[in-house]
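Subject: Structure handover

Hello,

I am passing on the structure below, followed by notes on what was found in it.

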Amino acid sequence: DAGITQSPRYKITETGRQVTLMCHQTWSHSYMFWYRQDLGHGLRLIYYSAAADITDKGEVPDGYVVSRSKTENFPLTLESATRSQTSVYFCASSLGSSSYNEQFFGPGTRLTVL
Amino acid sequence: KNEVEQSPQNLTAQEGEFITINCSYSVGISALHWLQQHPGGGIVSLFMLSSGKKKHGRLIATINIQEKHSSLHITASHPRDSAVYICAVTDTDKLIFGTGTRLQVFP
């Protein structure tokens with residue numbers, strides 16, 4: 001079905017392990033975003049991508065790596081998970097710049113780092 | 001000081017009441033977005049506006065660029081409107097989010 005999907009929806013891992021969260025969209029949107037949502041902070045941008053092979057840091061990029069080899073996929077990797085990375089992660093996409101386009105959000109991935 | 005401030009943080013209402021949620025921002029923007037986060041966690045875009053007023057069903061969003069202020073109104077509120085409403089402003093290609101207003105509407 002068309003839309004934006006995230007996998008897994010729930011993940012429990014241990015400190016120090018590498019974790020990859022997947023995001024896939026079927027609209028051929030140029031822009032994709034990764035956010036984390038924590039109590040008291042609202043949504044914070046981790047990384048974003050304006051097109052395939054173009055990525056840029058957001059507000060809280062430390063400890064995360066992204067890639068975008070294909071327009072439809074934007075995986076987020078935690079290279080060595082820490083407890084502070086326990087959060088709900090949302091992927092989003094938009095046709096173009098947020099100045100002129102709304103963002104469409106995936107269902108979220110709840111990550112717990114023990 | 002946060003660049004995007006919402007008020008109130010929490011709001012309770014009786015079914016049928018008129019609801020107003022406010023958003024103030026401190027940066028120059030191209031557009032302002034209102035989003036809704038359902039109790040289950042899903043986030044949907046409600047409005048994107050750069051001037052004036054937009055209406056969709058019982059929801060109305062207004063923006064005053066000079067005063068750097070936007071309001072989201074819900075007329076004839078219903079329990080299904082219970083959600084977190086999030087204001088976000090554009091920063092070139094990105095959004096800067098407020099921390100949200102939690103609305104609970106009781107029958």
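**Chain A**

Read from the N terminus, its elements run β-β-β-β-β-β-β-β-β-β-β.

This is a predicted model, in which local features need pLDDT of at least 70 and side-chain atom pairs count only at pLDDT 80 or more, while totals for chains, interfaces and linings use all residues. Residues are numbered from 1 along each chain as its sequence is written, chains are lettered from A and ligands numbered from 1 in the order in which they are written, and side-chain values use heavy atoms, with hydrogens and water left out.

The C-alpha trace of chain A spans about 40 × 30 × 25 Å along its principal axes. The radius of gyration of chain A (over C-alpha atoms) is 13 Å, which agrees with the value near 13 Å for a compact globule of 114 residues (the rule is 2.2 Å times the number of residues to the power 0.38). Among contacts (heavy atoms within 4.5 Å) in chain A with a separation of 6 or more, 55% join residues 24 or more positions apart.

**Where chain B meets chain A**

In chain B, 18 residues are in contact with 19 residues of chain A. The buried area between them (accessible area lost on being put together, 1.4 Å probe, summed over both) is about 1600 Å², and carbon and sulfur atoms give 59% of it. Ile43(B), Asp93(B) and Phe97(B) supply 37% of the area that chain B buries against chain A, more than any other three residues.

Eight residue pairs, both at pLDDT 80 or more, are in polar contact across the interface (N or O atoms within 3.5 Å; within protein, one able to donate a hydrogen and the other to accept it, and residues adjacent in sequence count only if both atoms are side-chain atoms). On the side of chain B that touches chain A, β4 (32-37), β5 (43-49), β9 (83-91) and β10 (94-97) each supply at least two residues.

**Gln37(B)**

Gln37(B) is in strand β4 of chain B and counts as buried, at 9% relative accessibility. Its side chain makes a polar contact with the side chain of Gln37(A) (2.8 Å). A polar atom of the Gln37(B) side chain also lies 2.9 Å from the backbone oxygen of Gly41(B).

Regards

Technical notes:
Buried area = accessible area lost by both parts, 1.4 Å probe. Helix = DSSP H or I, 4+ residues; strand = E, 2+ residues; numbered from the N terminus. Buried < 20%, exposed > 50% of the residue type's maximum accessible area, 1.4 Å probe, protein only.
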